Amino acid sequence: MPHRHTRAVGAAVAATAALLVAGLSGSASAGTAPADAAPTAAESLRTDTAPPALLRAMERDLGLDRRQAVLRLANEADAGATAGRLRAALGADFAGAWVRGAESGTLTVATTDAGDVAAIEAEGAVAEVVRHSLADLDAAKARVDRAVAARDSAAAPVRYVDVRANTVTVRAPHPAAARALLDAAGVDAGPVRVEKSAERPRPLYDLRGGEAYYINNSGRCSIGFPVTKGTQQGYATAGHCGRAGASTSGANRVAQGTFQGSVFPGRDMAWVATNSQWTATPYVSGAGGQNVQVAGSTQAAVGASVCRSGSTTGWHCGTVQQHNTSVTYPEGTITGVTRTTVCAEPGDSGGSYISGSQAQGVTSGGSGDCRSGGTTYFQPINPLLQNYGLTLKTTGGGGEDPGEPEEPGGTWAAGTVYQPGDTVTYGGATYRCLQGHQAQQGWEPSNVPALWQRV
């Protein structure tokens, strides 16, 4: 009897463009594709437009040269698209994906079924057979989160799904206390690993993206990403920076706007509506104040490079360690943040995380500093946009509230935040989302195979 995924995986492979060779990097140096070939993920996500300031920060913080930095961004875009296709094809067997290597030249896709290995390898990825699916790990982490919340405990301040280790990892200053908490809550220890860590994350208080603003003429935070809501302009930032109704002023101390919504703890998201003196731009402030373009919000893979802009420490880069992390700060627990190796310091809160030209999130908190190094967490941008009905200001789309979809019609709509597995109709066909992103004009499903798969 055929393996249950044979048809689905085979269809996905057949629908995929020629696989990237030499570590998923064919598109970065190719130029031999037919003129009518579908755009590669790197082309769709415009990795070739990465600004010099971002590339220099990657070179400094990731130990790369310019060629490697450019190639890494292209590889990461292509790896994300490949992982998205395989996630859709493997279904419940899917156990996560990540990139590795100085140039992110190797994509690994994990599965719980050895029968999927051939299909994964046919996509140019390395297959890893593991015990726990991503869905099972997410469910186990949710149980751990509930246990911590029920006891309002600081015994396990950091929890995340580590797809590379195929575990739910709990980082705690006293592992014995963390294990006792989990035992008392009846959490199955099977997929859970407790690690000793002195890390005690905190919101980075002290108080274009990355630039300073002041709250009620007192604390300072950093702008995340300029946004619009209809005709109203503003920006996304961290929830712990201010509550709804708090007033803001810019780095120049000129009156700027008002917090319209704020969530913290639970999540760490907020947005500020600005007055008519301020204009939303599709940029993040880079090294030396140079503009870094924001072209979209496609989520980067585990292991991918990511850079941060903040009003205290400026530009710094690192890598994505884990998505779906839970962190318990002194003020309470936040869930769904992303853990990174990028450093940050007080005042950087709310600032921009960007991978290539793709917005990733806003700085929440962390530990350490930019002299000795540290760990930071960001609130992903797509849930923030979705929660408040905001439209990211981008160079790729119009950056305005899009209204009704244009012909050829269907359920797909610019401005909507889509998650992997979501389905839409467009032009009489049905498509499945491969990578989380906010849709924009020019990224219609038929145009961007890196984000959508026809089904």
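Predicted model: local features only at pLDDT ≥ 70, side-chain atom pairs only at ≥ 80, totals over all residues.
Let me begin with the salt bridges, of which a search of the whole structure finds 16. One of them joins Arg-72 and Glu-76, whose closest N and O atoms are 2.6 Å apart, and both residues lie in helix H6, which covers residues 66-90, so placed that they are four residues apart, about one turn of the helix. Arg-72 counts as buried, because its relative accessibility of 6% falls under the 20% cut-off, and Glu-76 is buried as well, with a relative accessible area of 9%.

Which residue forms a salt bridge with Glu-199? The partner is Arg-171, with the closest N and O atoms 3.2 Å apart, and this pair links distant parts of the chain, since Glu-199 sits in the loop between strand E6 (192-196) and strand E7 (202-203) while Arg-171 belongs to strand E5 (residues 167-172), 28 residues apart. Glu-199 is buried at 9% relative accessible area, and Arg-171 is buried at 17%. Both residues also take part in a network of salt bridges, which links them with Asp-162, Arg-193, Glu-195 and Arg-339.

For a pair in another setting, please look at Glu-211 and Arg-208, whose side chains meet in a salt bridge at 3.1 Å, N to O. Here Glu-211 counts as partly exposed, at 28% relative accessibility, and Arg-208 is partly exposed too, at 26%.

Finally, I turn to His-240, found in the loop between strand E11 (232-237) and strand E12 (247-250). His-240 counts as buried, at 6% relative accessibility, and its side chain makes a polar contact of 2.8 Å with the side chain of Ser-349.

Note on methods. Residues numbered from 1 in each chain as written. Heavy atoms only, no water. Helix = DSSP H or I, 4+ residues; strand = E, 2+ residues; numbered from the N terminus. Buried < 20%, exposed > 50% of the residue type's maximum accessible area, 1.4 Å probe, protein only. Polar contact = N/O pair within 3.5 Å; in protein donor to acceptor, adjacent residues only side chain to side chain. Salt bridge = Lys/Arg side-chain N within 4 Å of Asp/Glu carboxyl O.
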